[in-house]
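Q: Please pick one part of this model and go through it closely. Then set it against what else stands out in the chain.

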Amino acid sequence: MMTRRLVSGWRRPVPSSTCLMSSLENLSLQTHITTSMPYRPLILPYNHSFSSEASKKDDPKSTIVELPPNLKFDPRAKSSPFYGVEKVVSEKKRKKEQKEKAKDIQTEASSAASLDKESGDDVLEAGSEIIDDDDEEEDTDDYYDDEEEDDEEEGERILYDLSTKPDVARAIPLPQRLHVPVIDIKTGEEVGTFHLSEKTFGNDPIRVDILQRCVVWQRNKKRGFRNAGAITKTVSQVSGSGRKVRPQKGGGQARAGHSRPAHWRGGAKAHGPKGKVQNYNTKLNKKVRKMGVRHALSQKLYEGNLVITSDMAAPTHKTREMDVMLNRFGISGKKGATALIIDDADPDDAEKKESVYGGLDVNFKVASGNLKKVQMLNQMGCNVYSMLRFKKLVLSLAAVRSLEERLERDL
(Lines give C-alpha, C1' and ligand atoms only; values in the text may rest on other atoms or scores of the structure.)
Protein backbone atom coordinates (compact mmCIF):
# COMPACT_ATOMS: atom_id res chain seq x y z
CA MET A 1 0.00 0.00 0.00
CA MET A 2 1.27 3.45 -0.88
CA THR A 3 1.77 5.79 2.03
CA ARG A 4 0.78 9.43 1.70
CA ARG A 5 1.63 12.34 3.89
CA LEU A 6 -1.67 13.22 5.60
CA VAL A 7 -0.64 15.27 8.62
CA SER A 8 2.26 17.68 9.00
CA GLY A 9 5.12 16.30 11.06
CA TRP A 10 4.76 12.75 9.70
CA ARG A 11 7.74 10.50 10.18
CA ARG A 12 8.64 7.15 8.78
CA PRO A 13 7.12 4.34 10.93
CA VAL A 14 9.34 1.69 12.45
CA PRO A 15 9.70 -1.33 10.15
CA SER A 16 9.37 -4.75 11.78
CA SER A 17 11.54 -7.80 11.30
CA THR A 18 8.44 -9.63 10.01
CA CYS A 19 8.44 -7.33 6.96
CA LEU A 20 12.16 -7.94 6.50
CA MET A 21 11.70 -11.69 6.78
CA SER A 22 8.99 -11.80 4.12
CA SER A 23 11.23 -9.98 1.65
CA LEU A 24 14.21 -12.17 2.47
CA GLU A 25 12.23 -15.39 1.98
CA ASN A 26 11.32 -14.26 -1.54
CA LEU A 27 14.95 -13.30 -2.17
CA SER A 28 13.91 -9.84 -3.30
CA LEU A 29 15.17 -6.57 -1.90
CA GLN A 30 12.68 -4.19 -3.42
CA THR A 31 9.01 -4.39 -4.28
CA HIS A 32 7.54 -2.11 -6.89
CA ILE A 33 3.82 -1.51 -6.55
CA THR A 34 1.96 0.42 -9.21
CA THR A 35 -1.59 1.62 -8.90
CA SER A 36 -3.80 3.09 -11.52
CA MET A 37 -5.52 5.49 -9.12
CA PRO A 38 -3.37 6.52 -6.13
CA TYR A 39 -5.29 7.67 -3.07
CA ARG A 40 -5.17 11.42 -2.43
CA PRO A 41 -7.22 12.57 0.57
CA LEU A 42 -9.24 15.71 -0.01
CA ILE A 43 -8.51 18.49 2.48
CA LEU A 44 -11.72 20.51 2.85
CA PRO A 45 -12.02 24.17 3.77
CA TYR A 46 -13.35 24.61 7.25
CA ASN A 47 -17.12 24.61 7.45
CA HIS A 48 -18.71 26.09 10.58
CA SER A 49 -21.63 23.67 10.33
CA PHE A 50 -19.30 20.87 11.47
CA SER A 51 -18.11 20.92 15.06
CA SER A 52 -15.48 18.75 16.75
CA GLU A 53 -12.75 19.13 19.29
CA ALA A 54 -10.16 19.46 16.53
CA SER A 55 -12.06 22.34 14.89
CA LYS A 56 -11.41 24.49 17.94
CA LYS A 57 -7.66 24.27 17.44
CA ASP A 58 -5.49 26.85 15.72
CA ASP A 59 -5.32 25.13 12.33
CA PRO A 60 -8.52 23.18 11.69
CA LYS A 61 -8.01 22.99 7.91
CA SER A 62 -5.34 20.28 8.15
CA THR A 63 -7.42 17.97 10.32
CA ILE A 64 -10.78 17.62 8.49
CA VAL A 65 -10.55 15.12 5.60
CA GLU A 66 -13.35 13.88 3.36
CA LEU A 67 -13.55 10.26 2.25
CA PRO A 68 -13.99 10.26 -1.55
CA PRO A 69 -17.22 8.52 -2.57
CA ASN A 70 -15.43 6.29 -5.11
CA LEU A 71 -13.37 4.59 -2.37
CA LYS A 72 -15.11 1.74 -0.60
CA PHE A 73 -13.31 0.29 2.41
CA ASP A 74 -14.00 -0.32 6.06
CA PRO A 75 -12.39 2.34 8.29
CA ARG A 76 -12.11 -0.29 11.02
CA ALA A 77 -9.49 -2.17 9.00
CA LYS A 78 -5.88 -1.57 10.06
CA SER A 79 -4.88 -1.03 6.44
CA SER A 80 -7.29 1.89 6.18
CA PRO A 81 -5.80 5.42 6.49
CA PHE A 82 -8.77 6.29 8.74
CA TYR A 83 -8.15 3.45 11.23
CA GLY A 84 -8.77 4.79 14.73
CA VAL A 85 -9.95 8.20 13.44
CA GLU A 86 -13.22 9.66 14.69
CA LYS A 87 -15.99 10.82 12.36
CA VAL A 88 -16.95 14.48 12.26
CA VAL A 89 -20.62 14.89 13.17
CA SER A 90 -22.49 17.95 11.86
CA GLU A 91 -24.09 20.37 14.29
CA LYS A 92 -27.55 19.81 12.83
CA LYS A 93 -27.24 16.05 13.07
CA ARG A 94 -26.06 16.32 16.66
CA LYS A 95 -29.06 18.47 17.61
CA LYS A 96 -31.36 16.07 15.83
CA GLU A 97 -29.98 13.15 17.84
CA GLN A 98 -30.44 15.13 21.05
CA LYS A 99 -34.07 15.80 20.20
CA GLU A 100 -34.67 12.15 19.42
CA LYS A 101 -33.14 11.19 22.74
CA ALA A 102 -35.36 13.68 24.53
CA LYS A 103 -38.46 12.25 22.84
CA ASP A 104 -37.40 8.73 23.79
CA ILE A 105 -36.98 9.80 27.39
CA GLN A 106 -40.42 11.40 27.38
CA THR A 107 -42.13 8.33 25.93
CA GLU A 108 -40.41 6.01 28.39
CA ALA A 109 -41.35 8.30 31.24
CA SER A 110 -45.01 8.39 30.19
CA SER A 111 -45.16 4.59 30.01
CA ALA A 112 -43.54 4.25 33.42
CA ALA A 113 -45.84 6.87 34.99
CA SER A 114 -48.68 4.39 35.37
CA LEU A 115 -46.48 2.10 37.44
CA ASP A 116 -44.67 4.67 39.51
CA LYS A 117 -46.19 8.12 39.37
CA GLU A 118 -43.57 9.89 41.43
CA SER A 119 -40.55 8.59 39.52
CA GLY A 120 -42.38 9.17 36.23
CA ASP A 121 -43.00 12.81 37.03
CA ASP A 122 -39.29 13.40 37.67
CA VAL A 123 -38.26 11.86 34.36
CA LEU A 124 -40.95 13.82 32.51
CA GLU A 125 -39.62 17.04 33.94
CA ALA A 126 -36.09 16.14 32.81
CA GLY A 127 -37.28 15.34 29.28
CA SER A 128 -39.40 18.48 29.05
CA GLU A 129 -36.47 20.64 30.15
CA ILE A 130 -34.31 19.30 27.32
CA ILE A 131 -37.05 19.94 24.78
CA ASP A 132 -37.70 23.44 26.12
CA ASP A 133 -33.99 24.36 25.90
CA ASP A 134 -33.79 23.19 22.30
CA ASP A 135 -37.02 24.99 21.37
CA GLU A 136 -35.66 28.25 22.71
CA GLU A 137 -32.64 28.06 20.39
CA GLU A 138 -34.63 27.28 17.24
CA ASP A 139 -38.10 26.20 16.24
CA THR A 140 -38.09 22.52 15.22
CA ASP A 141 -40.55 22.86 12.36
CA ASP A 142 -38.76 25.77 10.71
CA TYR A 143 -35.40 24.12 11.26
CA TYR A 144 -36.27 20.93 9.33
CA ASP A 145 -38.11 22.79 6.58
CA ASP A 146 -35.28 25.24 5.82
CA GLU A 147 -32.33 22.83 6.11
CA GLU A 148 -33.77 19.68 4.57
CA GLU A 149 -31.82 19.99 1.32
CA ASP A 150 -28.53 20.68 3.12
CA ASP A 151 -28.98 17.60 5.29
CA GLU A 152 -29.37 15.40 2.23
CA GLU A 153 -26.18 16.76 0.66
CA GLU A 154 -24.17 16.53 3.85
CA GLY A 155 -25.46 13.03 4.54
CA GLU A 156 -23.48 11.78 1.55
CA ARG A 157 -20.23 13.38 2.73
CA ILE A 158 -18.14 11.37 5.18
CA LEU A 159 -15.67 13.50 7.12
CA TYR A 160 -12.91 12.41 9.48
CA ASP A 161 -10.83 14.31 12.00
CA LEU A 162 -7.19 13.30 11.57
CA SER A 163 -6.18 14.90 14.85
CA THR A 164 -7.89 12.02 16.68
CA LYS A 165 -5.75 9.38 14.94
CA PRO A 166 -3.56 7.45 17.42
CA ASP A 167 0.14 8.12 17.20
CA VAL A 168 2.30 5.60 15.35
CA ALA A 169 5.07 3.94 17.33
CA ARG A 170 8.38 5.55 16.40
CA ALA A 171 11.92 4.51 17.19
CA ILE A 172 13.97 6.30 19.81
CA PRO A 173 16.78 8.24 18.10
CA LEU A 174 20.43 7.43 18.58
CA PRO A 175 22.33 7.55 20.93
CA GLN A 176 19.43 7.55 23.46
CA ARG A 177 18.29 4.25 21.96
CA LEU A 178 21.40 2.49 23.26
CA HIS A 179 20.51 3.20 26.90
CA VAL A 180 18.23 0.27 27.79
CA PRO A 181 16.75 -1.03 31.06
CA VAL A 182 17.87 -4.31 32.62
CA ILE A 183 14.96 -6.50 33.78
CA ASP A 184 14.89 -9.38 36.22
CA ILE A 185 13.36 -12.29 34.35
CA LYS A 186 11.95 -13.90 37.52
CA THR A 187 9.92 -10.88 38.68
CA GLY A 188 9.69 -8.73 35.52
CA GLU A 189 10.90 -5.64 37.41
CA GLU A 190 13.61 -3.23 36.29
CA VAL A 191 16.82 -3.67 38.30
CA GLY A 192 19.09 -1.21 36.48
CA THR A 193 20.18 0.22 33.14
CA PHE A 194 22.86 -0.69 30.62
CA HIS A 195 24.50 1.18 27.74
CA LEU A 196 24.90 -0.95 24.61
CA SER A 197 27.80 -0.64 22.21
CA GLU A 198 27.12 1.58 19.22
CA LYS A 199 29.22 -0.59 16.91
CA THR A 200 27.08 -3.67 17.56
CA PHE A 201 23.61 -2.31 18.35
CA GLY A 202 23.68 1.16 16.77
CA ASN A 203 23.99 0.46 13.05
CA ASP A 204 21.82 2.88 11.09
CA PRO A 205 20.52 2.50 8.41
CA ILE A 206 19.89 -1.25 8.47
CA ARG A 207 21.57 -3.05 5.55
CA VAL A 208 18.79 -5.27 4.24
CA ASP A 209 21.04 -6.53 1.44
CA ILE A 210 23.52 -7.91 3.97
CA LEU A 211 20.70 -9.62 5.87
CA GLN A 212 19.48 -11.19 2.63
CA ARG A 213 22.92 -12.54 1.77
CA CYS A 214 23.26 -14.06 5.26
CA VAL A 215 19.84 -15.74 5.07
CA VAL A 216 20.57 -17.23 1.64
CA TRP A 217 23.94 -18.49 2.85
CA GLN A 218 22.41 -20.11 5.94
CA ARG A 219 19.61 -21.83 4.03
CA ASN A 220 22.02 -23.14 1.39
CA LYS A 221 24.37 -24.38 4.11
CA LYS A 222 21.52 -26.25 5.78
CA ARG A 223 20.60 -27.84 2.46
CA GLY A 224 24.23 -28.96 2.16
CA PHE A 225 24.99 -32.14 0.25
CA ARG A 226 22.20 -34.06 -1.44
CA ASN A 227 21.95 -37.41 -3.30
CA ALA A 228 25.38 -38.58 -2.25
CA GLY A 229 24.93 -42.10 -3.66
CA ALA A 230 21.77 -41.91 -5.81
CA ILE A 231 22.06 -42.97 -9.42
CA THR A 232 19.47 -43.75 -12.12
CA LYS A 233 19.72 -45.52 -15.46
CA THR A 234 19.64 -43.75 -18.80
CA VAL A 235 18.16 -45.08 -22.05
CA SER A 236 21.38 -46.89 -22.92
CA GLN A 237 21.53 -48.60 -19.51
CA VAL A 238 17.93 -49.85 -19.22
CA SER A 239 17.48 -53.47 -20.30
CA GLY A 240 15.39 -53.96 -23.41
CA SER A 241 15.61 -54.55 -27.12
CA GLY A 242 16.16 -51.83 -29.66
CA ARG A 243 13.80 -53.21 -32.25
CA LYS A 244 10.77 -51.20 -33.31
CA VAL A 245 7.75 -51.97 -31.10
CA ARG A 246 5.03 -51.56 -33.73
CA PRO A 247 4.68 -50.38 -37.31
CA GLN A 248 5.04 -46.68 -37.97
CA LYS A 249 1.62 -46.32 -39.62
CA GLY A 250 -1.75 -48.02 -39.74
CA GLY A 251 -2.23 -48.87 -36.08
CA GLY A 252 -3.96 -45.68 -35.00
CA GLN A 253 -1.43 -45.22 -32.19
CA ALA A 254 1.46 -42.89 -31.62
CA ARG A 255 4.64 -43.78 -33.39
CA ALA A 256 7.18 -45.53 -31.20
CA GLY A 257 10.67 -46.90 -31.65
CA HIS A 258 12.22 -48.95 -28.83
CA SER A 259 10.54 -49.80 -25.52
CA ARG A 260 12.87 -47.84 -23.22
CA PRO A 261 11.77 -44.15 -23.42
CA ALA A 262 11.44 -42.17 -20.19
CA HIS A 263 7.65 -41.81 -20.45
CA TRP A 264 7.08 -45.55 -20.77
CA ARG A 265 6.63 -47.99 -17.90
CA GLY A 266 9.90 -49.77 -17.26
CA GLY A 267 11.82 -47.18 -19.22
CA ALA A 268 14.64 -44.83 -18.34
CA LYS A 269 14.65 -42.00 -15.81
CA ALA A 270 14.81 -38.52 -17.35
CA HIS A 271 17.24 -36.06 -15.75
CA GLY A 272 17.83 -38.24 -12.68
CA PRO A 273 20.86 -38.17 -10.36
CA LYS A 274 24.04 -39.50 -11.91
CA GLY A 275 25.82 -40.59 -8.76
CA LYS A 276 27.62 -37.30 -8.17
CA VAL A 277 27.43 -35.42 -4.87
CA GLN A 278 25.32 -32.28 -5.31
CA ASN A 279 26.76 -29.48 -3.21
CA TYR A 280 24.41 -26.52 -2.57
CA ASN A 281 26.77 -24.64 -0.27
CA THR A 282 27.65 -21.07 -1.18
CA LYS A 283 30.50 -18.92 0.04
CA LEU A 284 30.13 -15.88 2.27
CA ASN A 285 33.03 -14.11 3.95
CA LYS A 286 33.24 -14.26 7.74
CA LYS A 287 33.33 -10.46 8.06
CA VAL A 288 30.09 -10.20 6.07
CA ARG A 289 28.44 -12.78 8.34
CA LYS A 290 29.49 -10.83 11.43
CA MET A 291 28.20 -7.65 9.84
CA GLY A 292 24.85 -9.33 9.26
CA VAL A 293 24.59 -10.30 12.95
CA ARG A 294 25.36 -6.73 14.00
CA HIS A 295 22.67 -5.32 11.72
CA ALA A 296 20.12 -7.91 12.89
CA LEU A 297 20.79 -6.93 16.52
CA SER A 298 20.45 -3.26 15.57
CA GLN A 299 17.13 -4.00 13.84
CA LYS A 300 15.71 -5.65 16.97
CA LEU A 301 16.71 -2.66 19.09
CA TYR A 302 15.36 -0.25 16.44
CA GLU A 303 11.88 -1.79 16.44
CA GLY A 304 11.75 -2.10 20.25
CA ASN A 305 11.79 -5.91 20.42
CA LEU A 306 15.05 -6.29 22.35
CA VAL A 307 14.86 -7.32 26.03
CA ILE A 308 17.94 -7.27 28.30
CA THR A 309 17.84 -9.41 31.44
CA SER A 310 20.25 -9.69 34.35
CA ASP A 311 20.57 -13.48 34.00
CA MET A 312 18.73 -16.58 32.77
CA ALA A 313 18.79 -18.59 35.99
CA ALA A 314 15.43 -20.36 36.39
CA PRO A 315 14.40 -21.54 39.86
CA THR A 316 12.76 -24.71 38.52
CA HIS A 317 12.51 -26.84 35.41
CA LYS A 318 8.68 -26.72 35.31
CA THR A 319 7.27 -25.46 32.01
CA ARG A 320 4.19 -23.91 33.63
CA GLU A 321 6.25 -21.59 35.81
CA MET A 322 8.46 -20.69 32.86
CA ASP A 323 5.37 -19.78 30.85
CA VAL A 324 4.22 -17.44 33.64
CA MET A 325 7.65 -15.77 33.73
CA LEU A 326 7.69 -15.17 29.97
CA ASN A 327 4.10 -13.90 29.89
CA ARG A 328 5.26 -10.80 31.77
CA PHE A 329 7.18 -9.84 28.63
CA GLY A 330 4.36 -10.71 26.21
CA ILE A 331 6.14 -13.91 25.16
CA SER A 332 4.66 -17.38 24.67
CA GLY A 333 1.12 -18.22 25.70
CA LYS A 334 -1.88 -18.39 23.42
CA LYS A 335 -1.58 -14.82 22.12
CA GLY A 336 2.04 -14.11 23.05
CA ALA A 337 4.88 -13.35 20.67
CA THR A 338 7.67 -15.69 19.61
CA ALA A 339 11.07 -15.14 21.17
CA LEU A 340 14.71 -16.14 20.71
CA ILE A 341 16.55 -16.34 24.04
CA ILE A 342 20.35 -16.11 24.03
CA ASP A 343 22.58 -16.65 27.04
CA ASP A 344 26.25 -17.20 27.84
CA ALA A 345 26.23 -18.40 31.43
CA ASP A 346 29.50 -19.13 33.23
CA PRO A 347 29.58 -22.16 35.57
CA ASP A 348 31.90 -20.31 37.95
CA ASP A 349 29.34 -17.53 38.48
CA ALA A 350 26.43 -19.91 39.08
CA GLU A 351 25.39 -21.14 42.53
CA LYS A 352 25.91 -24.71 41.38
CA LYS A 353 28.27 -25.61 38.57
CA GLU A 354 26.01 -28.50 37.60
CA SER A 355 23.19 -26.06 36.80
CA VAL A 356 25.06 -24.68 33.77
CA TYR A 357 25.87 -26.73 30.67
CA GLY A 358 27.03 -25.41 27.31
CA GLY A 359 26.67 -21.81 28.43
CA LEU A 360 22.96 -22.29 29.22
CA ASP A 361 21.06 -22.70 32.45
CA VAL A 362 19.84 -26.29 32.59
CA ASN A 363 16.52 -25.50 34.27
CA PHE A 364 15.77 -22.72 31.78
CA LYS A 365 16.67 -24.91 28.81
CA VAL A 366 14.52 -27.82 29.99
CA ALA A 367 11.55 -25.62 30.95
CA SER A 368 11.54 -23.76 27.63
CA GLY A 369 11.94 -26.94 25.58
CA ASN A 370 8.18 -27.60 25.57
CA LEU A 371 7.25 -24.05 24.53
CA LYS A 372 6.70 -23.92 20.78
CA LYS A 373 7.18 -20.16 20.52
CA VAL A 374 10.52 -20.06 22.36
CA GLN A 375 14.00 -21.15 21.32
CA MET A 376 17.13 -20.89 23.49
CA LEU A 377 20.67 -20.69 22.10
CA ASN A 378 24.18 -19.98 23.25
CA GLN A 379 25.67 -16.70 22.07
CA MET A 380 27.95 -18.61 19.68
CA GLY A 381 24.82 -19.86 17.88
CA CYS A 382 23.35 -16.38 17.45
CA ASN A 383 22.54 -16.05 13.74
CA VAL A 384 20.64 -13.76 11.39
CA TYR A 385 18.03 -16.27 10.25
CA SER A 386 16.91 -17.19 13.77
CA MET A 387 16.74 -13.56 14.89
CA LEU A 388 14.51 -12.63 11.95
CA ARG A 389 12.25 -15.66 12.42
CA PHE A 390 11.34 -14.70 15.99
CA LYS A 391 9.67 -11.43 16.91
CA LYS A 392 11.42 -10.73 20.22
CA LEU A 393 15.04 -11.17 21.17
CA VAL A 394 15.95 -11.74 24.83
CA LEU A 395 19.62 -11.33 25.81
CA SER A 396 21.30 -11.75 29.15
CA LEU A 397 24.03 -9.33 30.24
CA ALA A 398 26.62 -12.08 29.85
CA ALA A 399 25.43 -12.70 26.28
CA VAL A 400 25.57 -8.97 25.46
CA ARG A 401 29.18 -8.69 26.66
CA SER A 402 30.23 -11.80 24.76
CA LEU A 403 28.51 -10.67 21.54
CA GLU A 404 30.07 -7.22 21.69
CA GLU A 405 33.51 -8.68 22.30
CA ARG A 406 33.22 -11.26 19.50
CA LEU A 407 31.59 -9.04 16.85
CA GLU A 408 33.87 -6.05 17.40
CA ARG A 409 37.11 -7.98 17.37
CA ASP A 410 37.91 -7.31 13.68
CA LEU A 411 36.61 -3.74 13.51
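A: **The open sheet and its surroundings**

An open sheet is built from 6 strands in the order β6-β5-β9-β14-β10-β13, with mixed pairing. The edges belong to β6 (190-195) and β13 (374-378); each has a single partner strand, so one side of each has no neighbour in the sheet. From one strand to the next, the twist averages 30°.

The model is predicted: local features need pLDDT of at least 70, side-chain atom pairs count only at pLDDT 80 or more, and totals for chains, interfaces and linings use all residues. Residues are numbered from 1 along each chain as its sequence is written, and side-chain values use heavy atoms, with hydrogens and water left out.

Some terms first. Helices (H or I, at least four residues) and strands (E, at least two) are DSSP runs, numbered from the N terminus. Two strands pair if DSSP finds at least two bridges between them. Axes are lines fitted to C-alpha atoms, for helices over the stretch in contact; angles run from 0 to 180 degrees between N-to-C directions.

Strands of a sheet pair through backbone hydrogen bonds, either parallel or antiparallel. Strand β5 (residues 179-183) meets β6 in the antiparallel sense, over 5 bridges. Ile183 has Glu190 of β6 as its bridge partner. Val182 has Gly192 of β6. The two strands form a hairpin with 6 residues between them. In that turn, Gly188 has a positive phi of about 80°.

Now the helix on the sheet. Helix α12 (residues 397-407) lies across β5, β6, β9 (306-309), β10 (339-343) and β14 (392-396). Its direction is at about 90° to β14. Contact here means heavy atoms within 4.5 Å. How much of α12 is buried? The helix is mostly covered, with 8 of its 11 residues buried. Buried means under 20% relative accessible area, exposed over 50%, and partly exposed in between (1.4 Å probe, protein chains only). The buried residues of α12 are Leu397, Ala399, Val400, Ser402, Leu403, Glu404, Arg406 and Leu407. An α-helix has 3.6 residues a turn, so residues three or four places apart point the same way.

Ser332 sits between α9 (319-327) and β10. Its relative accessible area is 6%, so Ser332 is buried. Most residues other than glycine have a negative phi, and most peptide bonds are trans. Ser332 has a positive phi near 65°, although the residue is not glycine. Leaving out residues up to four places away in sequence, Ser332 touches Asp323, Asn327, Ala337, Leu371, Lys373 and Val374. Its side chain makes a polar contact of 3.0 Å with that of Asp323. A polar contact is a pair of N or O atoms within 3.5 Å; within protein, one must be able to donate a hydrogen and the other to accept it, and residues adjacent in sequence count only if both atoms are side-chain atoms.

His271 also has a positive phi, about 55°, and is not a glycine. This residue is in the loop between β7 (225-226) and β8 (278-279). Its relative accessible area is 81%, so His271 is exposed.

Two cis peptide bonds deserve a look. Leu174 and Pro175 are joined by one, with omega about 0°. Pro175 is in the loop between β4 and β5. A cis bond also joins Asp204 and Pro205, with omega about 5°. Pro205 is in the loop between α6 (198-201) and α7 (208-223).

Then the rings. A search of the whole structure finds 1 aromatic pair. Phe82 and Tyr160 have ring centres 4.4 Å apart and planes at 20°, so the pair is stacked. Rings of Phe, Tyr and Trp (its six-membered ring) pair if their centres lie within 6.5 Å; planes under 30 degrees apart count as stacked, over 60 as edge-to-face and the rest as tilted. Phe82 and Tyr160 are both buried.

Finally, the whole chain. The protein chain has 12 helices and 14 strands. Of its 411 residues, 33% are buried.
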